[in-house]
Structures are given as C-alpha cells and as structure tokens.
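Here is a short briefing to read alongside the structure. Keep the viewer open and follow the topics one by one.

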Amino acid sequence: FGLMAVLAVVFAFAGCAPENAEKTPADKDEGKITHTETYTTIEKTIANEDRGWTFKGIEVLPADYEEGDKIPTVILVHGGTSTEQSLLPIAKKLAENGIAGYTFACHGALPGSDLYSSHYTSRISDLEAAIEYINTRGYVDKDKMYLLGESYGGIVVSFDIVRHADEYDGLILVSTGITDDLLSEEGKQ
C-alpha cells in the first residue's frame with residue numbers, strides 16, 4: 001500500500017509541471033563545460049544528419065581563451081577501435097600551447113557496434129559533420145585549420161582532405177602505416 005501511495009504522489013506531481021516549460025533549444029545547448037588551469041573542455045553531442053545518428057565531441061580550448069579571440073584549430077580523428085578519449089591528451093596539450101583541439105567519437109569504433117558504421121565512408125561522414133560543426137564556432141581562425149588522423153583515422157583524413165584542400169593548412173598523420181617510401185615512390189603520391 002505504501003508503494004502505491006508513493007507512486008500516486010509521484011504521478012500527481014509529474015502532471016503538475018507546466019506544459020510550456022522552457023527547454024534549451026539544441027542550437028543553444030552549450031554542452032558540459034569544464035575549466036582547468038591550462039584548458040577548458042566542452043563536451044557536446046553532435047548530429048550527423050546524413051547518417052541519422054549522433055556522436056560525442058569534445059572541444060578543448062586554451063584556458064586563457066577570451067570570447068572573440070581567433071585561434072588555430074585542429075580536428076583530431078581517432079583510430080579503428082579507439083574513441084574520442086584516446087586523442088584527448090593531444091587536444092589538451094594543443095590547448096596548453098594556444099591551439100584549439102576537437103576530438104569526436106567515430107561510429108563503429110567500439111566492439112559490438114555495427115560493422116558498416118566503421119567503414120571509412122561512415123567515418124568520413126562523421127568527419128564532415130564535425131567539420132561543419134567546428135566551422136560554426138566563433139573561436140576558429142579559418143586561416144589556421146588542420147586535420148590530424150591517428151591510425152585508421154589518418155586514412156580517413158587523407159581521403160577527406162581533398163574536399164577541403166583550400167580550407168585546411170595541414171594534415172597531420174600519426175601511426176597510419178603510410179611510410180615515407182610510399183609517399184615518395186613515383187606514382188603513389
């Protein structure tokens with residue numbers, strides 16, 4: 001009987017919430033913000049509208065960033081079975097040196113996830129959604145933008161940078177398996 005009384009009270013008060021209670025619009029969602037002495041992180045879920053899913057992204061800004069400042073920005077793409085967390089130390093180190101970093105969770109990275117979603121075309125789609133998002137951020141210096149890819153993420157950024165050759169100033173590859181001899185051998189560039 002006591003449980004029934006508690007449930008009746010919960011349901012009665014749940015029905016008392018105002019119908020027009022204000023919700024934060026998705027485009028006004030600032031995400032979870034954490035400040036430290038050397039950097040600030042902003043964790044936010046981003047939509048990949050082309051694929052119909054969302055993914056988690058983490059922006060890492062220098063601690064001394066002030067609204068209106070324009071700073072160099074690096075988008076970091078993790079490897080095959082990694083997550084956005086694996087490149088977070090690099091993004092934090094970039095922020096400590098005055099550079100914004102953005103790392104995000106590509107679909108299909110974790111065991112048990114959909115195999116097709118780990119295909120490079122799906123990852124490029126996630127990267128495109130990340131690029132679109134980052135281009136809306138006020139801190140981005142559009143003349144100093146870079147892509148960094150680690151392992152399989154390096155392959156993904158290598159494929160995708162051709163779409164953005166005029167926008168990005170550099171491509172950083174970490175442990176991709178692409179060696180100097182492959183890059184320098186005639187006909188393989």
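**Strands and sheet**

In this predicted model, strand 2 (residues 39-48) and strand 3 (residues 53-62) run antiparallel and are joined by 10 bridges. Within that pairing, Ile 42 has Glu 59 of strand 3 as its bridge partner.

- The open sheet is built from seven strands in the order 1-2-3-5-4-6-7, with mixed pairing.
- At the edges sit strand 1 (32-35) and strand 7 (170-174), each of which pairs on one side only.
- From one strand to the next, the twist averages 20 degrees.

**Helices on the sheet**

- Helix 2 (residues 88-96) packs on the sheet and touches strand 2, strand 3, strand 4 (71-77), strand 5 (100-104) and strand 6 (140-150).
- The direction of helix 2 makes about 35 degrees with that of strand 3.
- Helix 4 (residues 152-160) also packs on the sheet, where it touches strand 4, strand 6 and strand 7.
- For helix 4, the angle with the direction of strand 6 is about 135 degrees.

**A closer look at Val 74**

- Leaving aside neighbours within four places in sequence, Val 74 is in contact with Leu 94, Ile 99, Ala 100, Gly 101, Tyr 102, Tyr 146 and Leu 148.
- Val 74 and Ala 91 are 17 residues apart in sequence, and their C-alpha atoms are 8.0 Å apart in space.

**Nonpolar cores**

- The largest nonpolar core has 26 residues, and those touching the most other members are Ile 75, Tyr 102, Phe 104, Leu 127, Ile 134 and Leu 147.
- Two or more residues of this core come from each of strand 2, strand 3, strand 4, strand 5, helix 3 (120-134), strand 6 and helix 4.
- Helix 3 gives the largest share of this core, seven residues.
- Beyond its neighbours within four places in sequence, Ile 75 has contacts that include Tyr 102, Phe 104, Leu 127, Ile 134 and Leu 147.
- Another core, of 11 residues, lies apart from the largest one and has Ile 58, Leu 87, Ala 91 and Leu 148 among its members.

**Aromatic pairs**

- How many aromatic pairs are there? The count comes to four.
- Tyr 65 and Tyr 139 form an edge-to-face pair, because their ring planes are at 80 degrees, with the centres 6.0 Å apart.
- Tyr 65 lies in the loop between strand 3 and strand 4, and Tyr 139 in the loop between helix 3 and strand 6, so this pair ties together parts that are 74 residues apart in sequence.
- Tyr 65 is partly exposed, with a relative accessible area of 21%, whereas Tyr 139 is buried at 3%.
- The pair of Tyr 102 and Tyr 133 is tilted, because the ring planes are at 40 degrees; the ring centres are 5.8 Å apart.
- Tyr 102 belongs to strand 5 and Tyr 133 to helix 3, so that pair links distant parts of the chain, 31 residues apart.

How values were computed: Residues numbered from 1 in each chain as written. Predicted model: local features only at pLDDT ≥ 70, side-chain atom pairs only at ≥ 80, totals over all residues. Heavy atoms only, no water. Pairing = 2+ DSSP bridges. Helix = DSSP H or I, 4+ residues; strand = E, 2+ residues; numbered from the N terminus. Axes fitted to C-alpha atoms, helices over the stretch in contact; angles between N-to-C directions. Contact = heavy atoms within 4.5 Å. Core = buried A, V, L, I, M, F, W, Y, C linked by side-chain atoms within 4.5 Å. Buried < 20%, exposed > 50% of the residue type's maximum accessible area, 1.4 Å probe, protein only. Phe/Tyr/Trp six-rings, centres within 6.5 Å; stacked < 30°, edge-to-face > 60°.
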